[in-house]
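I am going through this structure entry by entry. The notes below follow the order in which I looked things up.

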Amino acid sequence: MTQTVPIPHGLPMERDAGPFDPPSGITRLREARPVCPMVFPDGHEGWLVTGYDAVRQLMADTRFSSRQDIGILHVPYETPGMPAATEPSPHVPGLFISMDPPDHTRLRRKLTGAFTVKRMKQLEEQIIDVTERQLDELARLTPPVDLVKEFALPVPSLVICELLGVPYADRETFQVSSAKFMERDVTLEEKMAAFGAIFGYLTELVTSKRAAPDEDILSDLARDDDLTIEELTGIGFLLLLAGHETTANMLGLGTFALLEHPEQLAELRADPDLMPGAVEELMRYLSVADIFFRYATEDIELGGETIPEGSTVVISLLAANHDPERFDDAGSLDIHRKARGHLSFGHGVHQCLGQQLARIEMRAGFSGLLRRFPTLELAIPAGEVKLRTNMNIYGVHELPVTW
Ligand code: HEM
(Lines give C-alpha, C1' and ligand atoms only; values in the text may rest on other atoms or scores of the structure.)
Protein backbone atom coordinates (compact mmCIF):
# COMPACT_ATOMS: atom_id res chain seq x y z
CA MET A 1 0.00 0.00 0.00
CA THR A 2 1.39 3.37 -0.95
CA GLN A 3 1.37 6.22 1.53
CA THR A 4 2.02 8.94 -0.99
CA VAL A 5 -1.36 10.67 -0.98
CA PRO A 6 -1.42 13.99 0.83
CA ILE A 7 -3.47 13.93 4.03
CA PRO A 8 -6.85 15.42 3.14
CA HIS A 9 -7.97 18.65 4.75
CA GLY A 10 -11.75 18.35 4.93
CA LEU A 11 -13.74 15.71 3.14
CA PRO A 12 -13.97 15.96 -0.66
CA MET A 13 -17.72 16.29 -1.28
CA GLU A 14 -18.14 17.54 -4.84
CA ARG A 15 -19.63 14.91 -7.16
CA ASP A 16 -17.08 15.70 -9.85
CA ALA A 17 -17.03 12.13 -11.23
CA GLY A 18 -20.77 12.04 -11.98
CA PRO A 19 -24.00 12.13 -9.99
CA PHE A 20 -23.76 8.48 -8.89
CA ASP A 21 -20.01 8.13 -8.29
CA PRO A 22 -18.03 8.97 -5.16
CA PRO A 23 -16.12 12.26 -5.32
CA SER A 24 -12.86 11.52 -7.19
CA GLY A 25 -10.83 12.71 -4.18
CA ILE A 26 -12.41 9.97 -2.04
CA THR A 27 -11.80 7.30 -4.67
CA ARG A 28 -8.13 8.30 -4.90
CA LEU A 29 -7.79 8.07 -1.13
CA ARG A 30 -9.41 4.63 -1.03
CA GLU A 31 -7.02 3.38 -3.69
CA ALA A 32 -3.95 4.75 -1.96
CA ARG A 33 -4.76 4.49 1.73
CA PRO A 34 -8.18 3.05 2.66
CA VAL A 35 -7.63 3.94 6.33
CA CYS A 36 -6.22 7.44 6.17
CA PRO A 37 -5.59 10.31 8.59
CA MET A 38 -7.46 13.50 7.82
CA VAL A 39 -7.60 17.06 9.11
CA PHE A 40 -11.00 18.54 9.83
CA PRO A 41 -11.75 22.12 8.80
CA ASP A 42 -11.48 23.10 12.48
CA GLY A 43 -7.85 21.92 12.45
CA HIS A 44 -8.47 18.80 14.51
CA GLU A 45 -6.88 15.53 13.28
CA GLY A 46 -9.01 12.46 12.72
CA TRP A 47 -9.33 9.46 10.40
CA LEU A 48 -11.20 8.61 7.21
CA VAL A 49 -12.08 5.00 6.35
CA THR A 50 -13.07 4.22 2.76
CA GLY A 51 -12.03 0.60 1.96
CA TYR A 52 -14.75 -2.08 2.06
CA ASP A 53 -12.94 -4.51 4.39
CA ALA A 54 -11.86 -1.80 6.80
CA VAL A 55 -15.33 -0.21 6.94
CA ARG A 56 -16.96 -3.58 7.58
CA GLN A 57 -14.47 -4.44 10.31
CA LEU A 58 -14.84 -1.02 11.92
CA MET A 59 -18.64 -1.18 12.02
CA ALA A 60 -18.49 -4.60 13.69
CA ASP A 61 -16.18 -3.30 16.44
CA THR A 62 -17.95 -1.50 19.29
CA ARG A 63 -14.65 -0.11 20.55
CA PHE A 64 -15.45 2.39 17.84
CA SER A 65 -18.16 4.18 19.78
CA SER A 66 -21.30 5.72 18.25
CA ARG A 67 -21.68 8.13 21.16
CA GLN A 68 -21.50 11.76 20.18
CA ASP A 69 -21.65 12.81 23.82
CA ILE A 70 -18.14 11.47 24.50
CA GLY A 71 -16.43 12.33 21.23
CA ILE A 72 -16.44 15.74 19.65
CA LEU A 73 -18.25 15.65 16.35
CA HIS A 74 -15.84 17.53 14.11
CA VAL A 75 -17.68 18.57 11.00
CA PRO A 76 -15.64 17.04 8.16
CA TYR A 77 -16.66 19.42 5.37
CA GLU A 78 -16.58 23.19 5.06
CA THR A 79 -19.93 24.46 6.31
CA PRO A 80 -20.41 28.21 6.44
CA GLY A 81 -23.11 28.05 9.12
CA MET A 82 -21.77 25.49 11.57
CA PRO A 83 -19.16 26.73 14.04
CA ALA A 84 -16.27 24.35 14.80
CA ALA A 85 -17.40 21.98 17.53
CA THR A 86 -15.46 22.39 20.74
CA GLU A 87 -17.36 20.08 23.00
CA PRO A 88 -19.35 16.86 22.67
CA SER A 89 -23.02 16.99 21.64
CA PRO A 90 -25.53 16.55 24.46
CA HIS A 91 -26.84 13.06 25.15
CA VAL A 92 -30.33 12.67 23.68
CA PRO A 93 -32.42 10.06 25.54
CA GLY A 94 -33.90 7.41 23.23
CA LEU A 95 -31.64 8.19 20.26
CA PHE A 96 -30.09 4.73 20.30
CA ILE A 97 -28.26 5.17 16.97
CA SER A 98 -25.90 7.36 19.04
CA MET A 99 -25.49 4.92 21.95
CA ASP A 100 -23.25 1.93 22.65
CA PRO A 101 -24.15 -1.38 24.27
CA PRO A 102 -25.64 -1.97 26.82
CA ASP A 103 -27.75 1.24 26.58
CA HIS A 104 -28.17 0.70 22.85
CA THR A 105 -29.12 -2.96 23.33
CA ARG A 106 -31.79 -2.13 25.91
CA LEU A 107 -33.62 0.27 23.58
CA ARG A 108 -33.12 -1.55 20.30
CA ARG A 109 -34.54 -4.72 21.89
CA LYS A 110 -37.82 -2.93 22.57
CA LEU A 111 -38.28 -2.55 18.82
CA THR A 112 -36.97 -5.74 17.27
CA GLY A 113 -40.41 -7.42 17.48
CA ALA A 114 -42.02 -4.61 15.51
CA PHE A 115 -39.50 -4.85 12.65
CA THR A 116 -39.00 -8.62 12.15
CA VAL A 117 -38.99 -10.01 8.61
CA LYS A 118 -42.26 -11.80 9.46
CA ARG A 119 -43.96 -8.65 10.74
CA MET A 120 -42.81 -6.74 7.67
CA LYS A 121 -44.11 -9.47 5.34
CA GLN A 122 -47.50 -9.04 7.02
CA LEU A 123 -47.35 -5.34 6.22
CA GLU A 124 -46.43 -5.84 2.58
CA GLU A 125 -50.01 -5.68 1.26
CA GLN A 126 -50.64 -2.47 3.18
CA ILE A 127 -47.45 -0.92 1.80
CA ILE A 128 -48.38 -1.91 -1.76
CA ASP A 129 -51.83 -0.28 -1.21
CA VAL A 130 -50.26 2.96 -0.01
CA THR A 131 -47.92 2.95 -3.02
CA GLU A 132 -50.65 2.22 -5.55
CA ARG A 133 -52.88 4.98 -4.12
CA GLN A 134 -50.02 7.44 -4.46
CA LEU A 135 -49.49 6.28 -8.05
CA ASP A 136 -53.21 6.89 -8.74
CA GLU A 137 -52.75 10.46 -7.53
CA LEU A 138 -49.65 10.85 -9.66
CA ALA A 139 -51.49 9.59 -12.74
CA ARG A 140 -54.17 12.26 -12.24
CA LEU A 141 -51.57 15.05 -12.55
CA THR A 142 -50.57 16.71 -15.81
CA PRO A 143 -46.86 16.20 -16.52
CA PRO A 144 -44.22 17.49 -16.07
CA VAL A 145 -44.37 16.79 -12.33
CA ASP A 146 -41.77 16.59 -9.58
CA LEU A 147 -41.51 12.92 -8.74
CA VAL A 148 -39.90 13.66 -5.36
CA LYS A 149 -42.81 15.79 -4.17
CA GLU A 150 -45.56 13.64 -5.65
CA PHE A 151 -44.21 10.14 -5.08
CA ALA A 152 -40.76 9.52 -3.59
CA LEU A 153 -41.36 11.54 -0.41
CA PRO A 154 -45.07 10.79 0.24
CA VAL A 155 -44.78 6.98 0.05
CA PRO A 156 -42.25 6.42 2.86
CA SER A 157 -43.78 9.28 4.89
CA LEU A 158 -47.25 7.74 4.68
CA VAL A 159 -45.89 4.31 5.60
CA ILE A 160 -43.82 5.40 8.61
CA CYS A 161 -46.64 7.65 9.87
CA GLU A 162 -49.07 4.75 9.68
CA LEU A 163 -46.67 2.40 11.48
CA LEU A 164 -45.73 4.84 14.23
CA GLY A 165 -49.19 6.32 14.67
CA VAL A 166 -48.14 9.84 13.63
CA PRO A 167 -51.05 11.68 11.93
CA TYR A 168 -50.00 12.21 8.28
CA ALA A 169 -51.91 15.51 8.35
CA ASP A 170 -49.14 16.81 10.65
CA ARG A 171 -46.44 16.06 8.08
CA GLU A 172 -45.60 19.73 7.46
CA THR A 173 -44.22 19.94 11.01
CA PHE A 174 -41.78 17.12 10.61
CA GLN A 175 -41.03 17.15 6.87
CA VAL A 176 -39.98 20.80 6.81
CA SER A 177 -38.07 20.54 10.10
CA SER A 178 -36.40 17.25 9.28
CA ALA A 179 -35.28 18.61 5.89
CA LYS A 180 -33.77 21.58 7.76
CA PHE A 181 -32.17 19.27 10.30
CA MET A 182 -30.56 17.21 7.52
CA GLU A 183 -29.14 20.25 5.74
CA ARG A 184 -25.40 20.81 6.05
CA ASP A 185 -25.16 24.53 5.41
CA VAL A 186 -27.51 25.76 8.11
CA THR A 187 -26.49 27.57 11.28
CA LEU A 188 -26.39 25.70 14.55
CA GLU A 189 -29.34 27.84 15.73
CA GLU A 190 -31.43 26.80 12.73
CA LYS A 191 -30.52 23.17 13.27
CA MET A 192 -31.43 23.32 16.94
CA ALA A 193 -34.70 25.11 16.13
CA ALA A 194 -35.63 22.35 13.66
CA PHE A 195 -34.70 19.67 16.19
CA GLY A 196 -36.74 21.48 18.86
CA ALA A 197 -39.80 21.72 16.59
CA ILE A 198 -39.89 17.98 15.89
CA PHE A 199 -39.08 17.16 19.50
CA GLY A 200 -41.83 19.40 20.86
CA TYR A 201 -44.33 17.88 18.47
CA LEU A 202 -43.32 14.30 19.32
CA THR A 203 -43.26 14.92 23.09
CA GLU A 204 -46.93 15.93 22.93
CA LEU A 205 -47.76 12.98 20.72
CA VAL A 206 -46.11 10.30 22.89
CA THR A 207 -47.56 11.87 26.06
CA SER A 208 -51.06 11.51 24.61
CA LYS A 209 -50.30 7.94 23.53
CA ARG A 210 -49.13 7.08 27.05
CA ALA A 211 -52.47 8.37 28.37
CA ALA A 212 -54.55 6.66 25.67
CA PRO A 213 -52.58 4.09 23.67
CA ASP A 214 -53.79 3.07 20.23
CA GLU A 215 -52.74 0.34 17.80
CA ASP A 216 -49.33 1.50 16.57
CA ILE A 217 -45.63 1.20 17.38
CA LEU A 218 -45.35 4.38 19.48
CA SER A 219 -48.42 3.31 21.50
CA ASP A 220 -46.91 -0.13 22.09
CA LEU A 221 -43.74 1.52 23.34
CA ALA A 222 -45.78 3.99 25.44
CA ARG A 223 -47.38 1.04 27.25
CA ASP A 224 -43.92 0.06 28.51
CA ASP A 225 -43.36 1.86 31.81
CA ASP A 226 -39.66 1.15 31.60
CA LEU A 227 -39.42 3.91 28.97
CA THR A 228 -39.56 7.58 29.96
CA ILE A 229 -41.39 10.21 27.89
CA GLU A 230 -37.98 11.61 26.86
CA GLU A 231 -36.88 8.20 25.64
CA LEU A 232 -40.15 7.66 23.76
CA THR A 233 -39.67 11.03 22.09
CA GLY A 234 -36.08 10.23 21.09
CA ILE A 235 -37.08 6.85 19.67
CA GLY A 236 -39.96 8.47 17.76
CA PHE A 237 -37.59 11.11 16.38
CA LEU A 238 -35.11 8.48 15.19
CA LEU A 239 -37.74 6.27 13.54
CA LEU A 240 -39.55 9.16 11.89
CA LEU A 241 -36.40 10.69 10.42
CA ALA A 242 -34.64 7.45 9.50
CA GLY A 243 -37.93 6.08 8.21
CA HIS A 244 -38.66 8.62 5.54
CA GLU A 245 -35.57 10.64 4.53
CA THR A 246 -33.51 7.62 3.47
CA THR A 247 -36.12 5.65 1.53
CA ALA A 248 -37.49 8.80 -0.12
CA ASN A 249 -34.05 9.57 -1.49
CA MET A 250 -33.54 6.02 -2.68
CA LEU A 251 -36.80 6.24 -4.63
CA GLY A 252 -35.91 9.63 -6.12
CA LEU A 253 -32.25 9.02 -6.94
CA GLY A 254 -32.97 5.38 -7.87
CA THR A 255 -35.51 6.44 -10.48
CA PHE A 256 -33.00 8.96 -11.86
CA ALA A 257 -30.33 6.24 -12.05
CA LEU A 258 -32.68 3.81 -13.81
CA LEU A 259 -33.74 6.45 -16.33
CA GLU A 260 -30.06 7.03 -17.04
CA HIS A 261 -29.60 3.27 -17.72
CA PRO A 262 -32.42 2.63 -20.22
CA GLU A 263 -31.34 -0.92 -21.18
CA GLN A 264 -31.43 -2.12 -17.60
CA LEU A 265 -34.68 -0.25 -17.07
CA ALA A 266 -36.22 -2.11 -20.02
CA GLU A 267 -35.03 -5.46 -18.67
CA LEU A 268 -36.50 -4.68 -15.29
CA ARG A 269 -39.83 -3.74 -16.86
CA ALA A 270 -39.88 -6.98 -18.84
CA ASP A 271 -39.04 -9.22 -15.89
CA PRO A 272 -40.38 -8.10 -12.48
CA ASP A 273 -38.53 -11.03 -10.83
CA LEU A 274 -35.35 -9.01 -11.31
CA MET A 275 -36.64 -6.34 -8.89
CA PRO A 276 -35.31 -7.66 -5.53
CA GLY A 277 -31.79 -7.96 -6.97
CA ALA A 278 -32.08 -4.58 -8.67
CA VAL A 279 -33.06 -2.95 -5.38
CA GLU A 280 -29.96 -4.38 -3.67
CA GLU A 281 -27.79 -3.14 -6.51
CA LEU A 282 -29.37 0.33 -6.40
CA MET A 283 -28.73 0.38 -2.65
CA ARG A 284 -25.06 -0.47 -3.24
CA TYR A 285 -24.55 1.77 -6.23
CA LEU A 286 -26.22 4.85 -4.74
CA SER A 287 -25.43 4.52 -1.01
CA VAL A 288 -27.59 7.54 -0.20
CA ALA A 289 -26.71 7.39 3.51
CA ASP A 290 -22.98 7.75 2.98
CA ILE A 291 -21.11 9.44 5.83
CA PHE A 292 -21.12 8.07 9.40
CA PHE A 293 -19.00 8.79 12.46
CA ARG A 294 -17.37 6.76 15.18
CA TYR A 295 -15.07 7.59 18.06
CA ALA A 296 -12.08 5.40 19.02
CA THR A 297 -12.33 4.52 22.71
CA GLU A 298 -8.81 2.99 22.70
CA ASP A 299 -5.90 2.57 20.25
CA ILE A 300 -7.26 0.27 17.54
CA GLU A 301 -5.48 -1.50 14.65
CA LEU A 302 -7.39 -1.20 11.40
CA GLY A 303 -6.19 -1.94 7.88
CA GLY A 304 -2.54 -1.86 8.92
CA GLU A 305 -2.86 1.51 10.67
CA THR A 306 -3.24 2.38 14.33
CA ILE A 307 -6.11 4.69 15.07
CA PRO A 308 -5.26 6.40 18.36
CA GLU A 309 -7.69 6.54 21.29
CA GLY A 310 -9.84 9.68 21.15
CA SER A 311 -9.87 9.94 17.33
CA THR A 312 -12.99 10.94 15.47
CA VAL A 313 -13.38 8.49 12.59
CA VAL A 314 -15.35 9.30 9.43
CA ILE A 315 -16.70 6.39 7.37
CA SER A 316 -17.74 6.59 3.71
CA LEU A 317 -20.18 3.79 2.88
CA LEU A 318 -20.34 4.98 -0.74
CA ALA A 319 -16.57 4.58 -1.12
CA ALA A 320 -16.69 1.13 0.51
CA ASN A 321 -19.55 0.01 -1.73
CA HIS A 322 -17.61 1.15 -4.80
CA ASP A 323 -14.43 -0.69 -3.75
CA PRO A 324 -13.26 -2.79 -6.75
CA GLU A 325 -11.54 -5.21 -4.33
CA ARG A 326 -15.02 -6.28 -3.23
CA PHE A 327 -17.27 -5.67 -6.27
CA ASP A 328 -16.10 -6.22 -9.85
CA ASP A 329 -16.63 -3.19 -12.05
CA ALA A 330 -17.88 -1.48 -8.91
CA GLY A 331 -18.51 1.86 -10.60
CA SER A 332 -21.19 0.42 -12.90
CA LEU A 333 -24.84 -0.18 -12.16
CA ASP A 334 -25.54 -3.86 -12.92
CA ILE A 335 -28.93 -5.14 -11.80
CA HIS A 336 -27.76 -8.74 -12.39
CA ARG A 337 -24.89 -8.63 -9.93
CA LYS A 338 -25.05 -10.20 -6.48
CA ALA A 339 -24.93 -6.96 -4.53
CA ARG A 340 -25.86 -8.46 -1.15
CA GLY A 341 -23.00 -7.82 1.19
CA HIS A 342 -23.14 -4.11 0.40
CA LEU A 343 -22.84 -1.89 3.45
CA SER A 344 -25.64 0.56 2.67
CA PHE A 345 -27.64 -0.56 5.71
CA GLY A 346 -24.50 -0.50 7.85
CA HIS A 347 -23.09 -3.51 9.65
CA GLY A 348 -22.79 -4.72 13.25
CA VAL A 349 -25.00 -3.78 16.19
CA HIS A 350 -26.36 -0.63 14.55
CA GLN A 351 -27.24 -2.30 11.26
CA CYS A 352 -30.42 -0.67 9.97
CA LEU A 353 -33.48 -1.68 11.96
CA GLY A 354 -35.80 -0.67 9.12
CA GLN A 355 -34.03 -2.51 6.30
CA GLN A 356 -36.82 -5.01 5.58
CA LEU A 357 -39.34 -2.20 5.59
CA ALA A 358 -37.16 -0.14 3.25
CA ARG A 359 -36.73 -3.10 0.87
CA ILE A 360 -40.49 -3.68 0.70
CA GLU A 361 -41.12 0.03 0.07
CA MET A 362 -38.50 0.19 -2.67
CA ARG A 363 -39.69 -2.97 -4.42
CA ALA A 364 -43.30 -1.77 -4.31
CA GLY A 365 -42.30 1.77 -5.30
CA PHE A 366 -40.06 0.97 -8.28
CA SER A 367 -42.28 -1.91 -9.52
CA GLY A 368 -45.44 0.20 -9.37
CA LEU A 369 -43.82 3.19 -11.01
CA LEU A 370 -42.36 1.21 -13.92
CA ARG A 371 -45.58 -0.74 -14.50
CA ARG A 372 -47.93 2.25 -14.34
CA PHE A 373 -45.75 4.69 -16.30
CA PRO A 374 -44.22 2.75 -19.20
CA THR A 375 -43.10 5.95 -20.94
CA LEU A 376 -41.64 7.69 -17.90
CA GLU A 377 -38.74 10.02 -18.74
CA LEU A 378 -36.89 13.03 -17.40
CA ALA A 379 -38.53 16.34 -18.24
CA ILE A 380 -35.19 18.22 -18.06
CA PRO A 381 -31.65 17.36 -19.21
CA ALA A 382 -29.93 14.99 -16.75
CA GLY A 383 -27.21 17.58 -16.09
CA GLU A 384 -29.82 19.98 -14.71
CA VAL A 385 -31.18 17.64 -12.03
CA LYS A 386 -30.50 19.29 -8.66
CA LEU A 387 -28.38 16.96 -6.54
CA ARG A 388 -28.48 16.93 -2.74
CA THR A 389 -24.76 17.56 -2.28
CA ASN A 390 -25.62 19.87 0.64
CA MET A 391 -27.61 17.30 2.59
CA ASN A 392 -26.66 14.52 5.00
CA ILE A 393 -28.65 12.05 2.93
CA TYR A 394 -27.76 12.19 -0.77
CA GLY A 395 -30.37 12.19 -3.52
CA VAL A 396 -32.15 14.66 -5.77
CA HIS A 397 -33.95 17.77 -4.56
CA GLU A 398 -36.46 17.48 -7.40
CA LEU A 399 -36.93 15.05 -10.27
CA PRO A 400 -39.07 16.64 -12.99
CA VAL A 401 -40.54 13.80 -15.06
CA THR A 402 -43.01 13.38 -17.87
CA TRP A 403 -44.79 10.40 -19.51
C1 HEM B 1 -33.10 2.86 1.98
C2 HEM B 1 -33.36 3.27 3.15
C3 HEM B 1 -32.42 3.22 4.34
C4 HEM B 1 -31.05 3.31 4.42
C5 HEM B 1 -30.07 3.52 3.27
C6 HEM B 1 -30.69 3.20 5.81
C7 HEM B 1 -29.38 3.20 6.29
C8 HEM B 1 -29.03 2.98 7.61
C9 HEM B 1 -27.68 2.84 8.09
C10 HEM B 1 -26.42 2.91 7.23
C11 HEM B 1 -27.73 2.65 9.43
C12 HEM B 1 -26.54 2.40 10.37
C13 HEM B 1 -26.09 3.63 11.11
C14 HEM B 1 -24.85 3.45 11.93
O15 HEM B 1 -24.22 2.40 11.93
O16 HEM B 1 -24.45 4.42 12.62
C17 HEM B 1 -29.13 2.69 9.81
C18 HEM B 1 -29.60 2.57 11.08
C19 HEM B 1 -30.93 2.70 11.42
N20 HEM B 1 -32.01 2.78 10.56
FE21 HEM B 1 -31.93 2.80 8.55
N22 HEM B 1 -31.83 3.07 6.55
C23 HEM B 1 -32.91 3.07 5.70
C24 HEM B 1 -34.23 2.95 6.03
C25 HEM B 1 -34.73 2.90 7.30
C26 HEM B 1 -36.13 2.83 7.63
C27 HEM B 1 -37.30 2.76 6.65
C28 HEM B 1 -36.19 2.85 8.98
C29 HEM B 1 -37.51 2.80 9.71
C30 HEM B 1 -37.76 2.63 10.84
C31 HEM B 1 -34.83 2.92 9.50
C32 HEM B 1 -34.46 2.96 10.84
C33 HEM B 1 -33.16 2.87 11.30
C34 HEM B 1 -32.81 2.87 12.71
C35 HEM B 1 -33.78 2.94 13.87
C36 HEM B 1 -31.41 2.77 12.79
C37 HEM B 1 -30.55 2.72 14.05
C38 HEM B 1 -30.26 1.30 14.40
C39 HEM B 1 -29.36 1.15 15.60
O40 HEM B 1 -28.66 2.09 15.99
O41 HEM B 1 -29.38 0.06 16.18
N42 HEM B 1 -33.98 2.95 8.44
N43 HEM B 1 -29.91 2.87 8.67
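**Entry: Thr-131**

I started with Thr-131, which lies in helix H4. Helices here are DSSP runs of H or I with at least four residues, strands are runs of E with at least two, and both are numbered from the N terminus. The model is predicted, so I kept its cut-offs in mind: local features need pLDDT of at least 70, side-chain atom pairs count only at pLDDT 80 or more, and totals for chains, interfaces and linings use all residues. Residues are numbered from 1 along each chain as its sequence is written, and side-chain values use heavy atoms, with hydrogens and water left out.

Is Thr-131 buried or exposed? Thr-131 is buried, at a relative accessible area of 0%.

I then listed its contacts, meaning heavy atoms within 4.5 Å. Leaving aside neighbours within four places in sequence, Thr-131 is in contact with Phe-151, Val-155, Ala-364 and Gly-365.

The side chain of Thr-131 reaches the backbone oxygen of Ile-127 at 2.7 Å. I count polar contacts as pairs of N or O atoms within 3.5 Å; within protein, one atom must be able to donate a hydrogen and the other to accept it, and residues adjacent in sequence count only if both atoms are side-chain atoms.

**Entry: Ser-177**

Next I looked up Ser-177, in helix H7 (residues 171–182). Ser-177 counts as buried, at 10% relative accessibility. A polar atom of its side chain lies 2.9 Å from the backbone oxygen of Thr-173. Not counting residues up to four places away in sequence, Ser-177 touches Glu-172, Ala-194, Ala-197 and Ile-198.

**Entry: salt bridges**

Side chains of opposite charge can pair when their charged atoms come close. My criterion is a side-chain nitrogen of Lys or Arg within 4 Å of a carboxyl oxygen of Asp or Glu. How many salt bridges does a search of the whole structure find? The search finds 21.

I picked out Asp-226 and Arg-106, whose side chains meet at 3.4 Å, N to O. The pair links distant parts of the chain, 120 residues apart: Asp-226 is in the loop between helix H9 (217–222) and H10, and Arg-106 is in helix H3. Asp-226 is partly exposed at 42%, and Arg-106 is partly exposed at 30%.

I then took Lys-110 and Asp-224, which form a salt bridge at 2.9 Å, N to O. Lys-110 lies in helix H3 and Asp-224 in the loop between H9 and H10, so this pair ties together parts 114 residues apart in sequence. Lys-110 is partly exposed at 27%, and Asp-224 is partly exposed at 24%.

Glu-132 and Arg-371 gave me another bridge, at 2.7 Å, N to O. Glu-132 sits in helix H4 (residues 117–140) and Arg-371 in helix H14, so parts 239 residues apart in sequence are tied together. Glu-132 counts as buried at 19%, whereas Arg-371 counts as exposed at 52%.

I also looked for shared partners. Salt bridges join Arg-106, Lys-110, Asp-224, Asp-226 and Glu-231 into one network.

**Entry: the ligand**

I turned to the ligand. I took a residue as near if one of its heavy atoms lies within 4 Å. The ligand is surrounded by 28 residues, and the closest are His-104, Arg-108, Arg-294, His-350 and Cys-352.

Which protein donor does the iron atom of the ligand have? The only one is Cys-352 (SG), at 2.3 Å. Donors are N, O and S atoms within 2.8 Å of the metal (3.2 Å for Na, K and Ca); water is not among the atoms, so sites may look incomplete. Cys-352 is in the loop between helix H13 (317–321) and H14.

A polar side-chain atom of His-104 lies 2.6 Å from one oxygen atom. For Arg-108, a side-chain N or O atom is 2.8 Å from a ligand oxygen. For His-350, a polar side-chain atom is 2.6 Å from a ligand oxygen. Two or more shell residues each come from helix H3 (103–112), helix H10 (229–259), strand E5 (291–296) and helix H14 (355–372). H10 gives the largest share, 7 residues.

By class, I noted 18 nonpolar, 8 polar and 2 charged residues in the shell. Nonpolar here means Ala, Val, Leu, Ile, Met, Phe, Trp, Tyr, Cys and Pro; charged means Asp, Glu, Lys and Arg; the others, Gly among them, are polar.

Technical notes
Buried means under 20% relative accessible area, exposed over 50%, partly exposed in between (1.4 Å probe, protein chains only).
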